[in-house]
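Please examine the sequence and the structure shown here. The report that follows describes selected features of the fold, with the criteria applied to each.

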Amino acid sequence: MVQSYSVCFDRAAGFYDVTRGFPAGVDEEIADAIVTAVGATQDTHFLEVGIGTGRIALPLIRRGYAYSGIDISEEMLAELRRKLRERLGQIPPQVSVQMADATALPFGEACFDVAITVHVLHLIREWQQVIGEIRRVLRPGGVYLYGYGDRVVSARGEFDPRWTEILAGLGFAPQRVGASTEEVEQYLQAEGARLERVVAAEWPTAIRAQALFDWYAQRSYSASWQIPEEIFTVAIRQFQEWFRDTYPDPQVTLLGESQFQMLLARW
């Protein structure tokens with residue numbers, strides 16, 4: 001079914017919310033910001049491309065908005081459906097989720113008032129085509145909301161640079177599949193969009209060093225999925241040696257600060 005090249009998160013469905021979830025209350029703060037930024041009314045119909053396990057969708061669905069979502073991962077969608085039934089007792093009638101390709105949305109023209117992507121376009125090679133599809137299904141005056149996280153101070157600190165250095169020493173450099181935030185912004189500007197940037201939420205982060213190391217060792221981050229097994233085995237062994245030398249107390253807490261930002265595009 002899927003003709004484009006995208007990174008599928010089937011393997012992450014069981015741990016996605018643990019490794020990418022928001023602290024308590026932040027999801028509602030982001031929902032508040034979305035509602036305000038797009039001027040949502042009771043009649044607003046949302047579409048989320050790459051809905052995943054619903055970390056953006058659930059607070060908006062709880063408020064009664066009509067919400068449609070697509071994803072290429074059936075495992076992620078299954079987790080979303082499970083959460084909807086568990087928390088709301090059912091999948092609300094105004095909610096529709098389905099497995100579909102972001103580059104060929106299964107909707108007619110001008111169906112939605114707001115289209116959302118969050119941490120998706122960097123995973124899709126044909127990301128410009130996704131934006132084209134979003135423009136096609138948006139109603140006149142509709143809003144495209146590109147959401148992304150930003151670590152103001154990263155709790156991952158020395159971890160990312162050291163991991164990258166180890167991989168480079170083994171002759172491997174992970175490649176980004178799709179677009180960076182800067183590339184998306186430049187493309188939207190070139191396509192004539194009027195842009196507005198909103199900081200939707202800010203919060204402190206804290207994680208124990210051992211837990212962070214375990215996320216690398218368990219390949220929790222999608223960038224590690226492309227690493228050949230023989231290289232990963234050597235790299236994680238070297239990474240563990242560095243970790244033991246650098247963090248004699250593996251239970252030390254690493255602090256950081258994060259933001260959730262939104263780039264809103266209107267045509």
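## Annotated region and local geometry

Helices (H or I, at least four residues) and strands (E, at least two) are DSSP runs, numbered from the N terminus. According to the unreviewed UniProt entry, residues 47-144 carry the annotation "domain: Methyltransferase type"; UniProt positions are given in the numbering used here, feature names are shortened, and annotations may be inferred rather than shown by experiment.

The model is predicted: local features need pLDDT of at least 70, side-chain atom pairs count only at pLDDT 80 or more, and totals for chains, interfaces and linings use all residues. Residues are numbered from 1 along each chain as its sequence is written, and side-chain values use heavy atoms, with hydrogens and water left out.

Helix α5 (residues 127-137) packs against α7 at an angle of about 50°, with the axes 11 Å apart. Axes are lines fitted to C-alpha atoms, for helices over the stretch in contact, and angles run from 0 to 180 degrees between N-to-C directions. The two helices α5 and α7 are therefore oblique to each other, given that angles under 35 degrees count as roughly parallel, over 145 as roughly antiparallel, 65 to 115 as roughly perpendicular and the rest as oblique. In this pairing, Trp127, Gln128 and Ile131 of α5 meet Glu183, Val184, Tyr187 and Leu188 of α7, where contact means heavy atoms within 4.5 Å.

Gly178 lies in the loop between α6 (159-169) and α7 (181-190). Leaving aside residues up to four places away in sequence, Gly178 touches Leu121, His122, Leu123, Ile124, Trp127 and Glu183. Gly178 is buried, at a relative accessible area of 9%; buried means under 20% relative accessible area, exposed over 50%, and partly exposed in between (1.4 Å probe, protein chains only).

Most residues other than glycine have a negative phi. Ala110, in the loop between β3 (95-99) and β4 (112-118), has a positive phi of about 55°. His119, in the loop between β4 and α5, has a positive phi near 55°.

A search of the whole structure finds 0 disulfides, a disulfide being a pair of cysteine sulfur atoms within 2.5 Å.

| Residue | Relative accessible area | Class |
|---|---|---|
| Cys8 | 29% | partly exposed |
| Cys111 | 23% | partly exposed |
| Ala110 | 34% | partly exposed |
| His119 | 31% | partly exposed |
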